[in-house]
Amino acid sequence: MRLLITGGSSGLGKALVETCAANADDQILFTYCRHEDEAQALVGRFQNVEAVQVDFCDEDSVDRFVERLENEAVDVLINNAYAGSAQGTHFYKTEPEAFAEAFRCNVMPMVKITQACVKGMRKRKFGKIINIITSYVIDVPPTGFSVYTATKAYIRQLSKSISKELGRFHITSNCILPDYMLTDFGKVEDFQLEQMKEAHPLKELLKPQEVAEVVCQLLKVSQQLNGAEIPINAAQHIL
């Protein structure tokens with residue numbers, strides 16, 4: 001299969017590329033923005049991996065990539081990229097423009113890229129769309145995550161519409177809802193980490209590799225699994 005992973009050079013995206021690329025029969029194309037050295041290192045490690053630089057906050061950059069997708073037979077799209085920081089400030093201190101900017105840099109690129117991939121999926125009568133959301137949409141998010149969570153909630157609801165509309169074309173749209181992971185994205189203070197570990201049922205925070213393993217399992221399942229939301233949080237938050 002031909003896979004497209006957005007935001008694949010670091011954190012969860014890197015784990016997704018590494019895990020999916022372990023199957024030599026699959027071809028992986030992933031996007032990155034700033035981490036060129038990390039992206040090229042992945043390309044050097046795997047013969048079935050290709051990287052392309054795309055700035056989700058630059059409309060021209062996104063549009064050029066969308067044009068390229070017209071010639072890419074993408075079977076699986078994993079919407080993972082998030083431009084900006086997950087953690088901000090209190091809602092009442094957040095400038096309204098921050099919500100509009102997060103929408104512009106995250107939702108609109110996701111919409112354009114997904115639509116481009118769906119065109120080919122419809123013709124081939126097959127496709128899998130996997131959207132990385134967050135478990136914060138299930139319960140009350142931490143202070144400072146209002147912009148991030150609102151953006152993810154929009155994509156979550158959009159995923160439901162996609163699953164309903166495209167199921168008859170054997171195209172699925174499912175969501176992964178991971179809990180906080182130890183990456184450079186959305187860093188918190190050390191004392192907060194200790195509090196989170198103490199409150200965790202397993203006393204151990206989620207690792208990106210654990211999420212990647214779940215995502216890669218979705219590549220093998222029947223197209224009957226459609227419109228699903230899979231939390232990965234040790235049952236701390238239940239749908």
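Let me begin with a term: a residue is called buried when its relative accessible area is under 20%, exposed when that area is over 50%, and partly exposed in between, using a 1.4 Å probe and protein chains only. What we are looking at is a predicted model, in which local features need a pLDDT of at least 70 and side-chain atom pairs count only at pLDDT 80 or more, while totals for chains, interfaces and linings use all residues. Residues are numbered from 1 along each chain as its sequence is written, and side-chain values use heavy atoms, with hydrogens and water left out.

Now to the cysteines, where a disulfide is taken to be a pair of cysteine sulfur atoms within 2.5 Å, a rule that gives a count of one disulfide here. The partners are C57 and C105, with 2.3 Å between their sulfur atoms, and the link is right-handed, with 130 degrees about the S-S bond. Because C57 sits in the loop between β3 (49-53) and α3 (59-69) while C105 belongs to helix α4 (residues 96-124), the pair ties together parts 48 residues apart in sequence; helices (H or I, at least four residues) and strands (E, at least two) are DSSP runs, numbered from the N terminus.

What about C33? Its closest cysteine sulfur, in C57, is 7.3 Å away, which is too far for a bond, and C33 itself is partly exposed, with a relative accessible area of 28%. C175 is likewise in no disulfide, the nearest cysteine sulfur, that of C117, being 16 Å away, and C175 counts as buried at 2% relative accessibility.
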